[in-house]
Amino acid sequence: MGKIVFAAAMSHVLDPDYYEAACGLTGRRTVEACMAEIRKLGDTFLGRRPDALIVVADDHLNAFSFNAVPAMCVRIGRHVDRMNQDEAESFDKALDGMPERYPLHEELANRILEDGLQAGFDLALSWEASIDHAFLSPVMTMHGSRPVTPLVPIWINCFVAPQPTPDRCFALGQHLARVVGRSPWNVGIIATGGLSHFPELSLPRVGETDTVFDRKLLHWLQSGEHEPLRALTTGEIHKTGEHEFLNWMVLIGAVTPAGADVRYFGELPRINMAAVEWRV
Amino acid sequence: MSRYAVNSLLYRLKKDRAFRERFNQDPEKALAGLDLTEEERAAFLARDMQRINALGGFLHLVMSVPGMAVHVTHPDNH
């Protein structure tokens, strides 16, 4: 019988140069402190001898263009490439120097997809979409120079309205837990992004965060109170800059009712950075 | 205002290097024939990402189109 052996969520631009450019030396020190905790999470994860790592993250209009924006999409196939962006700027530079290709856990991805369709989750699928920093910055920080665990990338549409609801993301996580439970594998799951930044996706508001809202979310995570999280609306999420918390909602559904431990929380003018581990 | 027109243009500027170079060399010619309002066209010709965002351009695109991206910085007061 399969098991979720590790669950964590974390910020996903893990690039000291990016945060030094945006926020000065405090930015560099903050992301380095967060990365140190994420490396420890990677040690914990790999120590549990996982067969696969589900990564729930969002696309920044890199993998999907305007020909289709899936609400939820499972990457299938045998391997996945990292996004290539010529003359990369800003957060896209976080991918610089990373390997080109990563293994996928094909059978787990197929089961998530096929069982999902049977269970009423009309998941999109992709054989070709590449993955950007939202996936690879945390994965590579966790693994360092060690071989990367076979991945199952799952995209949630966090940015292009209309997005899926927090409760629907939670339900997808419950589906993931059922699939893993029926499988023979030890599986880790991470959700990436956040916490509060870019409220209303408005350029003049870049630099604002909602720390009060972040602390409320973290309190509910620590105490395993998931009902108030399921009741969140996409409107609240947009207003507070918690768009990427939709990824976290998938993870929460997969591990509910487990409580969590906050491994790192640090405030920057740009974003509040976090790393959280669930007691699974 | 056409949110699609603005964003498909931003996306093309980010992902299509040849188009980006044509835009950099002769922006009016590169935009000719695109279904943009005059206001949208003027914002792109001015490379005004604040305005483009206000017209519906996605934040992550206006912050990452090579050569045009807005780099917002925050003073280090600590």
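Predicted model: local features only at pLDDT ≥ 70, side-chain atom pairs only at ≥ 80, totals over all residues.
Chain A comes first. Its secondary structure amounts to eight helices and ten strands, these being DSSP runs numbered from the N terminus (helices H or I with at least four residues, strands E with at least two). A compact globule of 280 residues would have a radius of gyration near 19 Å, and the 17 Å of chain A agrees with that; the radius is taken over C-alpha atoms, and the rule is 2.2 Å times the number of residues to the power 0.38. As for burial, 52% of the 280 residues of chain A count as buried, meaning that 20 or more other C-beta atoms, placed from the backbone, lie within 10 Å of the residue's own.

Back to the helices. The axes of α2 (residues 106-118) of chain A and α4(A) come within 10 Å and cross at roughly 115°; axes are lines fitted to C-alpha atoms over the stretch in contact, with angles from 0 to 180 degrees between N-to-C directions. On the α2(A) side the contact uses A:Arg111, A:Ile112, A:Asp115 and A:Gly116, and on the α4(A) side A:His175, A:Leu176 and A:Val179. Contact here puts C-beta atoms, placed from the backbone, within 7 Å.

Helix α4 (residues 166-182) of chain A also packs with α8 (residues 245-255) of chain A, at about 40° and with axes 6 Å apart. That makes α4(A) oblique to α8(A), a label for angles that are not under 35 degrees (roughly parallel), over 145 (roughly antiparallel) or 65 to 115 (roughly perpendicular). The crossing of α4(A) and α8(A) is right-handed. Among the residues making this contact are A:Phe170 and A:Leu176 of α4(A) and A:Met249 and A:Ile252 of α8(A).

Finally, the contact between the chains takes 25 residues from chain B and 25 residues from chain A. On the chain B side, α1 (3-15), α5 (49-54) and α6 (59-62) each supply at least two residues.

Technical notes. Residues numbered from 1 in each chain as written. Chains lettered and ligands numbered in written order. Contact = placed C-beta atoms within 7 Å. Left-handed = near helix turned anticlockwise from the far one by under 90°. Buried ≥ 20, exposed ≤ 12 C-beta atoms within 10 Å, placed from the backbone.
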